[in-house]
Amino acid sequence: MIEETLILKNRLGLHARAAAKLVHAAAGFSSRLTLTRDGDEVDAKSILGLLLLAASRGTSLLLRAEGPDEAAAVTAVKELVERRFDESE
Amino acid sequence: MKRALSLNGIPVSPGVAVGRAVLWLSREDTAPRRTLEPEDVPGELERFRRAVESSFEEIESTAAQVAARLGPEYAAIFHAHAMFLKDRAFVGPVEKRIVQEAVNAEWAVAAAARELVGRFRDLPDENIALRATDLDDVARIVRRHLGDESDNHLRVEDLAGEAIILIADELTPSDAVRIPRDRVIGFATERGGATSHAAILARSFGLPAVVGVAKLLESVGENDRVVVDGRDGVVWREPNEEILGLFRDRRADEARREKSLKERSVVGVAVTADGVALTVRANIELASEVGDVLEYGADGVGLFRSEFLYLASGDFHVPDADSQAAIYGDVLRRLAPRPVVIRTYDLGGKKGSRQVVGADELSPVLGLRGVRLSLARPEMFRTQLTALLMAAPAGDLRILVPMVSGVEEVRRVRAILNEVRAEVAERGIPVPESVPLGAMIEVPSAAITADLIAPDVDFLALGTNDLTQYTLAVDRANETVSDLFRPDHPAVLRLIVRVVEAARAARKPVSLCGEMAADPQLFLLLVGLGIREFSMGPRTVPLIKAIARDITVSDAARVAKAALSLTTPEEVSALLGLEARDLLPAVRRPKAVSA
């Protein structure tokens, strides 16, 4: 299992479009991926779960990955978050 | 059968529509509950999964249709629906209920959705809490695919082949954008005023509409036969054959008249009988309306309300510079060489204020909206200006800034525009030396100081909807005071005169893009007050151009001079009514259909 702390940097936080991108990124891996905020853990492949985290800019999230491709999955999700979900602002 | 009944309201978009009523309501969130025998549970699970699959296909097909009709940016919301539908956080609890409680799938879907919707509504972030509505929509689609007919809202898709009239309490701008225009031929609402956004959209879509109809929802039932008379402001429930016949005749007459007006409209700019050219441009909200601009013979676009790019996306997302530039460029190219005035986002106020401003405002209409919001959120504004400049070489672009209250705002915008231009040019993207920049005059302080603003801009555009609202302190969507909303009020007319004089002194063009210009009598008055450029919903352009060709500026000036000496809007209106009999024979209309 790998754990990594991520901090949301994009202006709108984990809003609908960003959550959709995250789900698309996570869905490509067979590992189990979760995000935890203040003890609430959700499936990173569930857009509803991600939205229910109500994570705004500056929120710290714990990414957990467990499975055969866990390292690649963590890298992919982390890069997406660091690229601010490719948003223009 | 119910007896025939007529209800009066405010006519907001002309034409006659005859169809079946579909109630567009806040809907039931429960479904009938049935307990299953244990051996039926696996079959029920299978039935639920099939409904999810067919719902998925329906949503994807809606997304494809919307993308083709309005552009991919409008389809994003439906892709999000498709993801919600297949999400374990939704499907899991439904299946769990079917198995553990041995209940029917309809009930399990409604209960699981209700629980999730409640959790969304409680979220502190307004952007995300709004997604509750989408989740609700998705659950209803699944219930319909399960054969649950307790949902009125979705009957729109079910009434195969029947023309639909929407009956609603009120339609929000995003509701109006999402009306399935291939099926819905008109609407009536219990609330709303003549210049509410639903009304403006109805005119731009050419949908007959009546708003502010008291007792509408208690009088009209699902599937009732309904006539919406958008010219005289009447809604008929279950009209008899005789009344239907009268409407059929009128519709045929109107179609003939519209055709001949359109043929005259497309031949060029209208010139009055005494030789003065009057420009009549179109107001549009969606890039897909460019076809209408050409078809109805408008001399370009006088007001492109760009914020609808954002509102219609459904999830309050600002498209990036490249995709905005593609949309603006397409509009400019298709209308070239005609001018296209693109107004920068007029967000805030009633348009997505909480979502954009990020805070509750006690009086959003007096709050952070228009240029104030753009200056407070410079990244969003710079992205739009970048897109506009990238698109500029495609045609004749002019940029208009909304809600200006003083010249300092125009100066700040000009400075940002210059910076953005330098950045774009530095990236090697071709941009014109300068793009005309105009100020919308719709706040009384701007009208009063138009002489101070005019030297700093390239043009002025009077926005008489908001100017009237702010000058008279009347909320035009509030039906208890909407009769006080009078663009022919002496106060508004005096401000218009002031702005025309300021523009003339500074040798800057001034246009008028309120709905007021689409009223034949007020149009005559405005010509008399010195306005030469107008902008209105595309479908009213042919009538106004026909009137422009019939009148003389000297008659109009005489009428305006007399109007300015009057003391109340009622007196102005009475004068215009009298003058119209001689000066506007083209708009004399046949008697209304009545009981």
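Reader: How many helices and strands are there in chain B?
Author: Helices (H or I, at least four residues) and strands (E, at least two) are DSSP runs numbered from the N terminus. This is a predicted model, in which local features need pLDDT of at least 70, side-chain atom pairs count only at pLDDT 80 or more, and totals for chains, interfaces and linings use all residues. Residues are numbered from 1 along each chain as its sequence is written, while chains are lettered from A and ligands numbered from 1 in the order in which they are written. For chain B the count is 26 helices and 17 strands.

Reader: What is the mean pLDDT of chain B?
Author: pLDDT is the predictor's confidence in each residue, from 0 to 100. In chain B, 88% of the residues reach 70 or more, but pLDDT stays under 50 over residues 151–156 of chain B. For the complex, the predictor gives an ipTM of 0.86 and a pTM of 0.68. The mean pLDDT of chain B is 87.

Reader: What percentage of the residues of chain B count as buried?
Author: A residue is buried if 20 or more other C-beta atoms, placed from the backbone, lie within 10 Å of its own, exposed if 12 or fewer, and partly exposed in between. Chain B has 595 residues. The buried share of chain B is 50%.

Reader: Which elements of chain B do the buried residues of helix 24 pack against?
Author: Eight of the 10 residues of helix 24 (residues 541–550) of chain B are buried, so this helix is largely enclosed by the rest of the structure. Among them are V541(B), P542(B), L543(B) and K545(B). The packing partners in chain B are helix 11 (241–265), strand 9 (270–271), strand 10 (277–284), helix 23 and strand 17 (533–536).

Reader: Where do the buried residues of helix 25 of chain B lie around the axis?
Author: The buried residues of helix 25 of chain B are A556(B), V559(B), A560(B) and A563(B). They pack against helix 22 (490–505), helix 23 (520–529) and helix 26 (569–583) of chain B. The arc, taken from the directions from the helix axis to the C-beta atoms, is only 100° for these residues, which puts them on the same side of helix 25 of chain B.

Reader: What pattern does chain A follow along the sequence?
Author: Chain A has 89 residues, of which 43% count as buried. There are three helices and four strands in chain A. Read along the sequence, the pattern of chain A is β-α-β-β-α-β-α.

Reader: Which residue in the turn between strand 2 and strand 3 of chain A has a positive phi?
Author: Two strands pair if DSSP finds at least two bridges between them. Strand 2 (residues 32–37) and strand 3 (residues 40–43) of chain A pair in the antiparallel sense over four bridges, and L35(A) stands opposite V42(A) in strand 3. The two strands form a hairpin with two residues between them, and the turn residue with a positive phi, of about 45°, is D38(A).

Reader: Which helix supplies the largest share of the side of chain A that touches chain B?
Author: Two residues are in contact if their C-beta atoms, placed from the backbone, lie within 7 Å. The contact takes 17 residues from chain A and 22 residues from chain B. Helix 1 (16–27) and helix 2 (47–52) of chain A each supply at least two residues of the side that touches chain B. The largest share, five residues, comes from helix 2 of chain A.
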